[in-house]
Amino acid sequence: MKIYLDNASTTKMSDAALAAMTSALKEDYANPSSLHSMGQRMKELLETARNDVAERLGALPSEIYFTSGGSESDNQAIISVAKSALKTGKKTIITTAFEHHAVLHTLEKLESEGFTVKYLPVGKTGNVSAEQVAAAIDEDTCLVSVMAANNEIGSLLPIKEIGAVCKDKRVPFHTDAVQAVGHVKINVNKQNIDLLSLSAHKFHGPKGIGALYARRGVRLKSLIEGGAQERGKRAGTENLPAILGMAAALKEETSNIEANAKKITAMRDKLIKGLSTIPHSVLNGDTKNRLPGNVHFCFEGIEGESLLLLLDSYGIEASSGSACTSGSLDPSHVLLAIGHPHEIAHGSLRLTISRYNTDEEIEQTIPAVKKVVERLRNMSPVWRDKVNGVKPFLLP
Amino acid sequence: MALYSEKVMDHFKNPRNVGTIDNADGVGEVGNAKCGDIMKIYLKIDDDIITDVKFETFGCGSAIASSSMATELIKGKPLKDALELTNKAVAEALDGLPAYKMHCSVLAEQAIKRAIIDYYEKNGIPYDKEAYADREDDET
């Protein structure tokens with residue numbers, strides 16, 4: 001028996017996405033740039049997919065660029081705006097301390113090229129306010145990049161309000177919406193978004209495909225040269241099977257977004273309630289404004305990798321922001337950003353739910369996590385010191 | 001390839017010698033919670049023989065497996081042998097560790113040495129301080 005609770009890492013493909021891909025892989029294999037009739041039919045399929053993606057985001061088809069995924073979209077969005085700003089001399093970018101590394105590492109690169117980056121603190125709850133963004137914007141600001149939902153702790157950020165501030169101050173607003181699209185409602189106009197990154201495999205589409213929305217008037221720079229695809233902004237033969245799979249997945253998920261969110265939120269709250277009974281633990285992230293499928297805890301006295309490996313032996317597939325899972329010794333920057341000391345940040349567990357999970361799976365997961373936490377605590381010298389009063393407990 | 005060898009997984013899932021020893025003759029603790037690894041070794045020593053050994057570990061799978069294997073390797077052995085135990089021997093006995101996890105085996109070696117030093121110091125037994133200096137471990 002396997003219980004897959006790592007849906008923020010990637011999701012199982014839906015039947016709709018798989019069917020759309022399979023026909024393109026089997027029969028519709030021509031190059032959309034070819035002039036023969038099969039090629040032209042592929043071009044039509046490509047543009048239909050673009051229309052579908054645009055429609056689901058409230059965008060124009062000409063504002064959608066297909067990319068290899070969220071990381072590429074983030075890179076292209078940020079680099080494009082920054083490079084365009086060179087003409088104006090504005091060199092400050094505003095972001096948050098807990099963005100995905102696709103954003104943070106791109107910004108670090110720009111910092112080394114002379115840009116200034118302001119990292120807004122995310123507080124204990126793990127969120128930022130539009131007021132924080134407004135206060136940070138000044139005459140030198142060329143871009144605001146704030147994620148729509150945090151990939152580790154699941155906080156939903158007030159992007160509509162942040163977008164309104166940016167619109168008012170005439171600063172381009174990019175949002176990394178990789179965790180949000182397909183799970184919470186997104187409309188680029190209603191939410192005042194100028195650039196948006198999305199990735200298909202986070203909403204039951206295929207891996208290796210994503211899109212960048214760039215509002216008309218935003219000048220994109222190509223990161224990949226060599227062809228006129230995507231209106232000259234992204235060279236390379238289009239990955240049509242994946243694009244069709246993504247469009248099918250997005251259509252399906254956005255059509256059922258409310259019903260899915262309701263079902264997933266109920267499982268999430270059940271899981272949170274069950275795990276909250278573990279003493280000396282904390283639920284991370286915004287408790288109110290939270291992704292429907294995100295459960296993220298820190299357990300005092302234990303380390304995340306061993307927690308994951310033992311859960312795996314119970315058939316539960318989860319993830320952690322633990323340092324040991326990533327090959328570095330530093331724990332997650334997200335957990336440090338919300339103010340956890342290293343010791344607590346090491347003991348993290350992320351369980352992320354999709355519509356393919358069931359109530360029974362959640363019911364089996366709760367006692368398994370409890371058992372594993374208890375077992376690891378019983379062999380932890382840190383835990384013993386706390387129980388014996390040698391060291392203080394850090395979590396209630 | 002799996003992250004860990006079958007032996008690592010076996011020692012992680014079924015760790016040998018977990019626990020504490022009341023009135024242990026030597027106790028050694030290394031690592032720190034900030035880095036995510038703490039190992040504590042308890043020794044019972046009779047006539048220079050390690051008659052019992054227990055460990056507690058806060059850390060990742062390879063840290064738990066390294067402690068478990070290290071205790072197996074020194075149980076019932078003379079102190080002299082325990083002192084010669086290297087982190088490489090621990091890692092080899094586990095059929096290898098990923099390169100970035102080798103520091104876990106270093107912690108196991110250090111924890112045992114600390115426990116033996118503790119025993120020597122408690123009992124006023126002279127020992128060569130130079131030989132017991134912690135090895136350089138750039139990762140912890």
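Trainee: Contact means heavy atoms within 4.5 Å. With that settled, which residues is Ser62(B) in contact with, leaving aside its neighbours within four places in sequence?

Mentor: They are Glu305(A), Tyr4(B), Val8(B), Leu97(B), Lys101(B) and Cys104(B). Before going on: this is a predicted model, where local features need pLDDT of at least 70, side-chain atom pairs count only at pLDDT 80 or more, and totals for chains, interfaces and linings use all residues. Residues are numbered from 1 along each chain as its sequence is written, chains are lettered from A and ligands numbered from 1 in the order written, and side-chain values use heavy atoms, with hydrogens and water left out.

Trainee: Where is Ser62(B) found? And is Ser62(B) buried or exposed?

Mentor: Ser62(B) is in helix α2 of chain B, residues 61–74. Helices (H or I, at least four residues) and strands (E, at least two) are DSSP runs, numbered from the N terminus. Ser62(B) counts as buried, at 0% relative accessibility. Buried is under 20% relative accessible area, exposed is over 50%, and partly exposed is in between, using a 1.4 Å probe and protein chains only.

Trainee: Which residues of chain B have a positive phi although they are not glycine?

Mentor: Asn23(B) has a phi of about 50°, and Asp47(B) also has a positive phi of about 50°. Asn23(B) sits in the loop between α1 (6–13) and β1 (26–32). Asp47(B) sits in the loop between β2 (37–46) and β3 (49–58).

Trainee: Are Asn23(B) and Asp47(B) buried or exposed?

Mentor: Asn23(B) counts as exposed at 68% relative accessibility. Asp47(B) is exposed too, at 76%.

Trainee: Changing topic. What does the domain assignment give for chain A?

Mentor: Domain 1 covers 15–255 and domain 2 covers 257–387. Those bounds come from an automatic or database domain assignment. Taken over C-alpha atoms, the two domain centres are separated by 29 Å.

Trainee: How many residues of each domain are in contact with the other?

Mentor: It is 31 residues of domain 1 with 24 residues of domain 2.

Trainee: How many cavities does a search of the whole structure find?

Mentor: There is one of 30 Å³ or more. The largest cavity holds about 230 Å³ of space. Of its 21 lining residues, the closest to its centre are His183(A), Ile264(A), Gly293(A), Ile353(A) and Ser354(A).

Trainee: What counts as a cavity, a pocket and a lining residue?

Mentor: Take a 1 Å grid over the protein atoms alone: a cavity is a set of points where a 1.4 Å probe fits but cannot get out, a pocket is an open set with protein on both sides within 12 Å along at least five of seven lines, and lining residues have an atom within 4 Å of a point. Points are joined across faces, edges and corners, and a volume is the space filled by probe spheres set on the points.

Trainee: Why does the largest cavity lie between the domains?

Mentor: Because domain 1 and domain 2 of chain A both give residues to its lining. Helix α8 (residues 257–275) of chain A gives the most, with three residues. By class, the lining has six nonpolar, 12 polar and three charged residues. Ala, Val, Leu, Ile, Met, Phe, Trp, Tyr, Cys and Pro count as nonpolar, Asp, Glu, Lys and Arg as charged, and the others, Gly among them, as polar.

Trainee: And the second largest pocket, what is its volume?

Mentor: About 250 Å³. Val81(A), Ser84(A), Ala85(A), Cys142(A) and Pro172(A) are the closest to its centre, out of 15 lining residues. α3(A) gives the most to that lining, with four residues.

Trainee: Last topic. Which residues touch the most other members of the largest nonpolar core?

Mentor: Leu275(A), Phe299(A), Leu349(A), Leu351(A), Val369(A) and Leu43(B), out of 69 residues. Helix α5 (residues 102–122) of chain B supplies the largest share of this core, 10 residues. Such a core is a set of buried Ala, Val, Leu, Ile, Met, Phe, Trp, Tyr and Cys residues joined through side-chain atoms within 4.5 Å.

Trainee: What does Leu275(A) touch, not counting residues up to four places away in sequence?

Mentor: Leu275(A) touches Ser281(A), Val295(A), Phe297(A), Leu351(A), Ile366(A) and Val369(A). A second, separate core has 68 residues, including Phe66(A) and Val144(A).
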